[in-house]
Amino acid sequence: MKQALMILTIVASLAGASLAAAGSKSIDLPPDGAQLKPSSLPGYAKAQANCVACHSAEYMQYQPATAPRPYWDAMVKRMKVVFKAPIDDADMPAIVDYLAKTYGNEQPK
Ligand code: HEC
């Protein structure tokens with residue numbers, strides 16, 4: 001059993017090495033440090049101040065565009081409660097509004 005696993009590991013690493021040697025495959029990663037999408041909503045500035053200190057805006061970009069307002073509300077609260085993001089409760093509704101309209105299901109079609 002252990003031996004089989006070892007052989008598998010060797011085969012897998014050989015396959016990886018030959019792929020790397022071929023060098024023809026490439027993937028496009030989004031640029032590091034993605035910025036929040038600009039908006040005239042008041043929550044834009046608040047999101048800039050509160051939401052990109054720990055991670056880039058990529059995290060918002062990769063949320064489903066079908067995500068409804070309560071999803072964003074829960075997300076902002078999770079950032080505060082779980083990850084201790086220093087977000088003022090008073091700023092939350094504007095941030096959620098910006099997120100739902102910019103990344104969620106309230107985006108202009
Ligand atoms: C104190 C640091 C911090 C701040 C400030 C912060 N986040 Fe996060 N955020 C995190 C961490 C840590 C994760 C989890 C990363 C992981 O799970 O790999 C995360 C993950 C996310 C994700 C990915 C989905 C998920 O559930 O993991 C989204 C979307 C997100 N944050 C949005 C926000 C928004 C919107 C704000 C502003 C309201 C914000 N973050 C502010 C730390 C922070």
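Trainee: Thr102 lies in helix H5. Does Thr102 count as buried or exposed?
Mentor: Please keep in mind that this is a predicted model. A residue counts as buried when its relative accessible area is under 20%, and as exposed when that area is over 50%. Because the relative accessibility of Thr102 is 9%, Thr102 counts as buried.

Trainee: Which backbone oxygen lies 2.5 Å from a polar atom of the side chain of Thr102?
Mentor: The residue to start from is Thr102, which belongs to helix H5. A polar atom of the Thr102 side chain lies 2.5 Å from a backbone oxygen, and the residue that supplies this oxygen is Tyr98.

Trainee: What share of the 109 residues in the protein chain is buried?
Mentor: The cut-off for buried is a relative accessible area under 20%. Among the 109 residues of the protein chain, the buried ones make up 28%.

Trainee: Where does the ligand sit?
Mentor: Several residues come nearest to the ligand, including Cys51, Cys54 and Met79. As for its place in the protein, the ligand sits in the largest pocket.

Trainee: Which element gives the most to the shell around the ligand?
Mentor: The shell around the ligand divides into eleven nonpolar, three polar and one charged residues. With four residues, the element that gives the most to this shell is H4.

Trainee: How far is a nitrogen atom of the ligand from an N or O atom in the side chain of His55?
Mentor: His55 is one of the residues that come nearest to the ligand, out of 15 around it. A nitrogen atom of the ligand and an N or O atom in the His55 side chain are separated by 2.8 Å.

Trainee: Which residue has a polar side-chain atom that lies 2.3 Å from an oxygen atom of the ligand?
Mentor: The residues that come nearest to the ligand include Cys51, His55 and Arg78. The polar side-chain atom that lies 2.3 Å from a ligand oxygen belongs to Arg78.

Trainee: What volume does the largest pocket have?
Mentor: The largest pocket is lined by 21 residues, and among those nearest its centre are Asn50, Cys51 and Met60. The elements that give two or more residues to this lining are helix H2 (42-50), H3, H4 and helix H5 (92-102), and H4 gives the most, with five residues. By class, the lining has 17 nonpolar, three polar and one charged residues, while the volume of the largest pocket is about 350 Å³.

Trainee: What is the phi of Lys84?
Mentor: Most residues other than glycine have a negative phi. Lys84 is exposed, with a relative accessible area of 64%, and has its place in the loop between H4 and H5. Although Lys84 is not a glycine, its phi is positive, at about 60 degrees.

Trainee: How far apart are the C-alpha atoms of Asp91 and Ala47?
Mentor: Asp91 is found in the loop between H4 and H5, and with a relative accessible area of 18% Asp91 is buried. Asp91 and Ala47 are 44 residues apart along the chain, and their C-alpha atoms are separated by 8.8 Å.

Technical notes
Residues are numbered from 1 along each chain as its sequence is written. This is a predicted model: local features need pLDDT of at least 70, side-chain atom pairs count only at pLDDT 80 or more; totals for chains, interfaces and linings use all residues. Side-chain values use heavy atoms; hydrogens and water are left out. A residue is near a molecule or strand if one of its heavy atoms lies within 4 Å of it. A polar contact is a pair of N or O atoms within 3.5 Å; within protein, one must be able to donate a hydrogen and the other to accept it, and residues adjacent in sequence count only if both atoms are side-chain atoms. On a 1 Å grid over the protein atoms alone, a cavity is a set of points where a 1.4 Å probe fits but cannot get out, and a pocket is an open set with protein on both sides within 12 Å along at least five of seven lines; lining residues have an atom within 4 Å of a point. A molecule sits in a cavity or pocket if more than half of its atoms lie within 2 Å of its grid points. Ala, Val, Leu, Ile, Met, Phe, Trp, Tyr, Cys and Pro count as nonpolar, Asp, Glu, Lys and Arg as charged, and the others, Gly among them, as polar. Grid points are joined across faces, edges and corners, and a volume is the space filled by probe spheres set on the points. Buried means under 20% relative accessible area, exposed over 50%, partly exposed in between (1.4 Å probe, protein chains only).
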